[in-house]
Amino acid sequence: MGNITFDFTGKSVVVTGAARGIGRALARHFVDAKATVFMVDFDEDELAQAAREVGAVGIPADVSNTEDVERVVATVIDETGRVDVLVNNAGILRDRVLWKLTDDDWNQVLEVHAGGTFRFTRACVPHFRRQEFGRVVNVTSYTGLRGNRGQANYATAKAGIIGFTKTAAKELAAFGVTVNAISPNAATRMTASIPHEKIAEVTGPIPRFADPSEMADAICFLTSEEAGYITGVVLPVDGGLSL
C-alpha cells in the first residue's frame, strides 16, 4: 500500500462492493486518510468482518434496490450530517456467450453495475448540491470499450457507466461536484478464475495484475480536493492494457 498523502479529515465516504478486493483496499486507504468510511456490500458476514478490520462502518445493502440505497445514504447523513465521496465499485459476473444468456443473467448484471451506480449517485446528489461539494468515482472496465467473449452483459453495463459518468459530470459541475471513472486492472476475486496462460494477454505491457491498493491510490486522488478541476474523465489504471 502506498503512502497516504491526502487528508480526508471531516469527510464522509461511501464505498460500494467494499467487502473485498478494490473496495476493501479503498476503504482502508480512506480510513488511513482520516475519513469516516461507510462500507456497503450485499455479503453481510464478509462485510462485517472487513469493516471491523478496516475500522469503518459496514452497512449491508443491495445496490440494485432503491430502498436499500436510500437507506444507506440516510444512515450516512444521520451519522455525519454530510456525504462527500461516493465510489461506485459494486459488481457481479454472470458470464455466458450471448445465445446462452438468460434474462436474469442480463438484468442482474446491469442492475448491479449500471443500476447501482445510478441509484447511489442519484441518492447523494441532493446532499452534494446542498454542500456545493461532492466527488464521485465509478468503476468501469476495458471490457466496456473493447468487449469480451462471454461478457455481453458485463460489457454493456460497463460501457453504460462511461456514458453515465460523462453525463453526470456535465449535469453536476455547476454544483461543485466532479464525476470520474477508473478502468482498473487489479487482482480480485473476479480475475482469480482466469487461466494462467491467459494472464499475459489480459494484463497488458506490465505482465501482472495490480494490487487492489494501486487502484485505491488513483481513486483517492480523483476524490481529493486537489482533483477539483478534473471531471468526466475515464482514467485507465491498467498497466498499459488499454494502449
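Predicted model: local features only at pLDDT ≥ 70, side-chain atom pairs only at ≥ 80, totals over all residues.

**Reading the features**

Author: The closest cysteine sulfur to that of Cys220 belongs to Cys124 and lies 17 Å away, which is too far for a bond. A disulfide is a covalent bond between the sulfur atoms of two cysteines, and here it is called when two such atoms lie within 2.5 Å. Residues are numbered from 1 along each chain as its sequence is written, and side-chain values use heavy atoms, with hydrogens and water left out.

Reader: Is Cys124 buried or exposed, and is Cys220 buried or exposed?

Author: We call a residue buried under 20% relative accessible area, exposed over 50% and partly exposed in between, with a 1.4 Å probe and protein chains only. Cys124 has 0% relative accessibility and therefore counts as buried, and Cys220, at 3%, counts as buried too.

Reader: Which residues have the most contacts inside the largest nonpolar core?

Author: A nonpolar core is a set of buried Ala, Val, Leu, Ile, Met, Phe, Trp, Tyr and Cys residues joined through side-chain atoms within 4.5 Å. The largest one in this model has 31 residues, and those with the most contacts inside it are Leu26, Phe30, Val37, Met39 and Ile182. Helices (H or I, at least four residues) and strands (E, at least two) are DSSP runs, numbered from the N terminus, and those giving two or more residues to this core are β1 (12–16), α1 (21–32), β2 (36–41), α2 (44–54), β4 (85–88), β5 (134–139) and α8 (212–222). Among them α8 gives the most, with 6 residues. Apart from this core lies another, of 26 residues, including Val40, Val72, Val112 and Val125.

Reader: What is Leu26 in contact with, once its neighbours within four places in sequence are left aside?

Author: Contact here means heavy atoms within 4.5 Å, and with those neighbours left aside Leu26 is in contact with Val15, Val87, Ala216, Ile219 and Cys220. You can read Leu86 in the same way: this residue sits in strand β4, has 0% relative accessibility and so counts as buried. Leaving aside residues within four places in sequence, the contacts of Leu86 include Val14, Phe120, Cys124 and Arg135. From C-alpha to C-alpha, Leu86 and Arg135 are 6.3 Å apart in space, although 49 residues separate them in sequence.

Reader: How many salt bridges does the structure hold, and which residue pairs with Glu225?

Author: Side chains of opposite charge can pair when their charged atoms come close. The rule used here asks for a side-chain nitrogen of Lys or Arg within 4 Å of a carboxyl oxygen of Asp or Glu, and the structure holds 9 such bridges. Glu225 forms one with Lys11, their closest N and O atoms being 3.2 Å apart. That pair links distant parts of the chain, 214 residues apart, with Glu225 in the loop between α8 and β7 (234–237) and Lys11 in the segment before β1. Glu225 is partly exposed, at 49% relative accessible area, whereas Lys11 is buried, at 16%.

Reader: Which parts does the salt bridge of Arg24 and Glu53 tie together?

Author: The closest N and O atoms of Arg24 and Glu53 are 2.0 Å apart. Arg24 lies in helix α1 and Glu53 in helix α2, so this bridge ties together parts that are 29 residues apart in sequence. Arg24 counts as partly exposed at 21% relative accessibility, as does Glu53 at 42%. Elsewhere, Asp84 forms a salt bridge with Arg82, with closest N and O atoms 2.7 Å apart; Asp84 is buried, at 0% relative accessible area, while Arg82 is partly exposed, at 29%. Arg20, Asp41, Asp43 and Glu46 are linked in a network of salt bridges.

Reader: What does Val54 touch, not counting residues up to four places away in sequence?

Author: Val54, whose place is in helix α2, touches Arg24, Ala27, Arg28, Val31 and Met39 when those residues are not counted. At 6% relative accessibility, Val54 counts as buried.
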